[in-house]
Amino acid sequence: MEQRTDARGPEALPKPKRLAKRREFLRVYETGRKLFSRYAVLFLAANDLPHSRIGITATKKIGKANVRNRLKRWTREIYRRQRAPLGLDDQRLDIVVNVKPSAAEASFQSFRDELVRALRRIAKERAV
């Protein structure tokens with residue numbers, strides 16, 4: 001029988017590929033650059049790791065906890081599915097996604113389309 005090391009299953013975004021500590025977020029805010037999209041502001045900074053990491057923030061301005069959690073889940077899922085096709089894992093980046101309050105009213109499709117567009121811009125810029 002196969003043993004899982006992560007309760008979220010085999011497709012989950014592994015912990016080493018996530019930003020978790022406040023100081024990691026602050027470093028990206030202070031040293032990185034901003035990229036604006038319709039439903040989020042993305043901050044990017046180079047890291048010394050062999051892979052990219054993502055951090056997601058959703059403030060109380062967005063809405064109640066269930067709304068914030070849904071938007072964070074959406075963001076994680078979109079990033080998880082796009083990181084390989086766009087080659088984001090190989091770019092040694094820390095990405096922080098600050099979800100905007102306008103995202104609370106967005107459908108999953110429009111939220112996904114906007115976030116994918118922003119991630120493509122990151123991938124294209126870094127590839128040059």
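Which strands do the buried residues of H1 pack against? I started my notebook with that one, keeping in mind that the model is predicted.

**Entry 1: helix H1**

I looked up H1, which covers residues 22-31, and found Glu24, Phe25 and Val28 as its buried residues. Viewed down the axis of H1, these fall within an arc of 100°, so they line one face of the helix. Then the answer to my opening question: the buried residues of H1 pack against S2, S3 and S4. I also checked the face of H1 turned away from the buried side, and there I noted the exposed residues Arg22, Arg23, Glu30 and Thr31.

**Entry 2: the overall layout**

Next I stepped back to the whole chain. I counted off three helices and four strands, and from the N terminus on they run α-β-β-β-α-β-α. The chain has 128 residues, and 47% of them count as buried. It exposes about 8000 Å², with carbon and sulfur atoms supplying 49% of that. I looked at contacts too: taking those between residues at least 6 apart in sequence, 78% join residues at least 24 apart.

**Entry 3: the cores**

Which residues touch the most other members of the largest nonpolar core? I got Leu42, Leu71, Val97, Val99, Phe111, Leu119 and Ile122, out of 31 residues in that core. Two or more residues each come from strand S2 (40-46), strand S3 (53-57), helix H2 (65-82), strand S4 (93-99) and helix H3 (108-127). H3 gives the largest share, seven residues. Apart from this core I found another one, also listed with seven residues, and Phe25, Val28, Phe43 and Ala45 are among them. Phe25 and Val28 were already in my notes as buried residues of H1.

Leaving out residues up to four places away in sequence, Ile122 touches Leu35, Leu42, Leu44, Leu88, Gln91 and Leu93.

**Entry 4: Arg70**

Is Arg70 buried, exposed or partly exposed? I found Arg70 in helix H2, and its relative accessible area is 26%. Buried would need under 20% and exposed over 50%, so Arg70 goes down as partly exposed. I then followed its side chain, which reaches the backbone oxygen of Ala104 at 3.4 Å. Arg70 and Ala104 are 34 residues apart in sequence, yet their C-alpha atoms are 9.1 Å apart in space.

Technical notes. Residues numbered from 1 in each chain as written. Predicted model: local features only at pLDDT ≥ 70, side-chain atom pairs only at ≥ 80, totals over all residues. Heavy atoms only, no water. Core = buried A, V, L, I, M, F, W, Y, C linked by side-chain atoms within 4.5 Å. Buried < 20%, exposed > 50% of the residue type's maximum accessible area, 1.4 Å probe, protein only. Contact = heavy atoms within 4.5 Å. Areas by Shrake-Rupley, 256 points an atom, 1.4 Å probe, with all protein chains shown as cover. Polar contact = N/O pair within 3.5 Å; in protein donor to acceptor, adjacent residues only side chain to side chain. Arc of directions from axis to C-beta.
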